[in-house]
Amino acid sequence: MASLLFCIVLCSYYSIAHGGGGDQSFVTVPTSSFEPEPVCSGDRVMSEQNHSAVSLPLVHRHGPCAPSISPDKPPSADTLRSSRARMNHLTTGVPPRSMGWLGDEKASIPTHLGSSVRSLEYVVTVSFGTPAVPRVVVIDTGSDLSWLQCKPCSPGECSQQKDPLFDPSHSSTYGSVDCGSAACKKLAADAYAAGSCANGKQCGFLISYADGTSTAGVYSKDKLTLAPGVVVNNFYFGCGHDKRAVQGLYDGLLGLGRLSESLAAQYGGAVSYCLPAVSSKPGFFALGAGKSPSGFQFTPMGRVPGQPTFATVTLAGITVGGKKLNLRPSAFQGGMIVDSGSVITGLQSTAYQALRAAFRSAMAAYPMVPNDHLDTCYNLAGHKNVVVPKIALTFSGGATINLDVPNGVLVNGCLAFADSGLDGTSGVLGNVNQRTFEVLFDTGSSKVGFRANAC
């Protein structure tokens with residue numbers, strides 16, 4: 001009764017203070033909506049078929065909709081720590097690292113070759129080889145090169161996974177890429193190649209991530225089956241024989257970046273995905289969207305200088321609780337990397353401080369609590385309902401997304417934003433803010449689209 005009375009009083013306050021009963025700037029939500037159901041719920045949601053050649057179920061790897069529950073579900077603090085490390089890497093880069101492979105040869109790993117792989121959360125099921133072997137793989141917009149763990153792999157050199165390692169010797173369509181081929185030269189130009197190269201030798205690949213994980217092996221090609229009758233022949237990927245400290249990533253990774261090694265580039269057309277509001281519901285991953293699909297708001301796609309993998313968008317304004325923040329365009333000049341693997345959104349300092357102040361003011365009725373990774377967190381225990389301000393992000397060209405409330409705004413009781421650094425540097429649009437939107441990357445037309453309430 002006390003919680004109900006509290007909600008009635010608080011809701012009445014917001015109704016009066018913000019324009020009366022018809023105001024839609026705040027949303028009253030039950031605290032139970034913050035948590036996923038223990039079982040997979042909801043119908044299988046797919047992209048609109050009139051603009052996609054193929055659409056696959058996309059699920060959270062630690063949720064009940066996953067093909068198998070990941071045994072290494074991290075504590076929420078670890079998830080936030082990994083996400084913060086990934087965001088820091090995306091926005092600042094790290095010095096090149098050298099790692100040995102193919103003997104004691106050295107390979108310099110540029111800063112654009114990945115970030116914290118531990119924060120990747122969403123998986124799809126595709127099949128490799130002939131006959132087709134199903135593989136459960138994470139998707140990553142921050143990588144280009146796709147890879148699997150493959151046989152042979154000595155004990156201790158590959159991470160444990162539920163499925164048997166992919167055996168290329170059992171596929172009639174598998175082939176390794178020759179070192180002297182154009183594909184290997186392009187791999188080297190994009191800084192994914194490993195070891196010295198000579199004609200007749202297999203082309204090696206190496207990916208090193210900012211959190212110290214890595215995978216290395218043979219650059220390969222095989223048939224990739226996305227859905228019945230939908231295949232990519234001679235799909236280029238890394239067959240990994242040495243995967244260090246990458247745990248709980250199922251069978252491999254699909255790279256969705258902007259370089260030619262990515263699945264999006266090899267398949268052709270646009271790529272999109274919709275991340276569900278909670279992990280107990282399915283989303284989707286789609287490839288091959290046609291021109292000008294309906295229902296989207298578009299904004300120009302940009303690049304990060306020196307890091308061609310990433311797609312960026314530019315913010316033009318932020319609204320909290322129906323009030324537009326007083327921010328100059330210079331606050332958003334660095335752009336925002338659209339990233340499927342970062343949980344939280346990183347805003348440049350001036351924009352973040354304004355957002356934080358407005359959100360804290362709107363949430364003043366709830367006690368704040370300390371957190372090691374985020375600075376605006378609340379103790380919502382004892383409340384059956386919580387009044388949360390809506391947050392809208394407006395991008396250049398006018399595209400505006402109203403974030404899902406509460407699961408597109410809050411994560412583990414904390415505001416799902418952080419300070420990414422100085423104005424003029426790159427920010428990151430994290431996956432919490434992207435929830436329930438179909439996010440479409442149309443590289444050919446250099447634009448990013450958002451379709452609301454897609455999953």
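Guide: A residue is called buried when its relative accessible area is under 20%, exposed when over 50%, and partly exposed in between, using a 1.4 Å probe and protein chains only. This is a predicted model, where local features need pLDDT of at least 70 and side-chain atom pairs count only at pLDDT 80 or more, while totals for chains, interfaces and linings use all residues. Residues are numbered from 1 along each chain as its sequence is written, and side-chain values use heavy atoms, with hydrogens and water left out.

Visitor: Is D339 buried or exposed, then?

Guide: D339 is buried, with a relative accessible area of 1%, and D339 lies in the loop between β21 (336-338) and β22 (345-348); strands here are DSSP runs of E with at least two residues, helices are runs of H or I with at least four, and both are numbered from the N terminus.

Visitor: Which residues does UniProt list for "active site"?

Guide: The unreviewed UniProt entry lists D140 and D339, although such annotations may be inferred rather than shown by experiment. They span 200 residues in sequence, yet no two of their C-alpha atoms are more than 7.7 Å apart, so they gather at one spot. D140 is placed in strand β6 (residues 133-140) and is buried, with a relative accessible area of 1%.

Visitor: What is the order of the strands in the open sheet of four?

Guide: Strands of a sheet pair through backbone hydrogen bonds, either parallel or antiparallel, and two strands count as paired if DSSP finds at least two bridges between them. Here the order is β20-β19-β26-β27, with antiparallel pairing. β20 (323-324) and β27 (400-402) stand at the edges, each with a single partner strand, so one side of each is left without a neighbour in the sheet.
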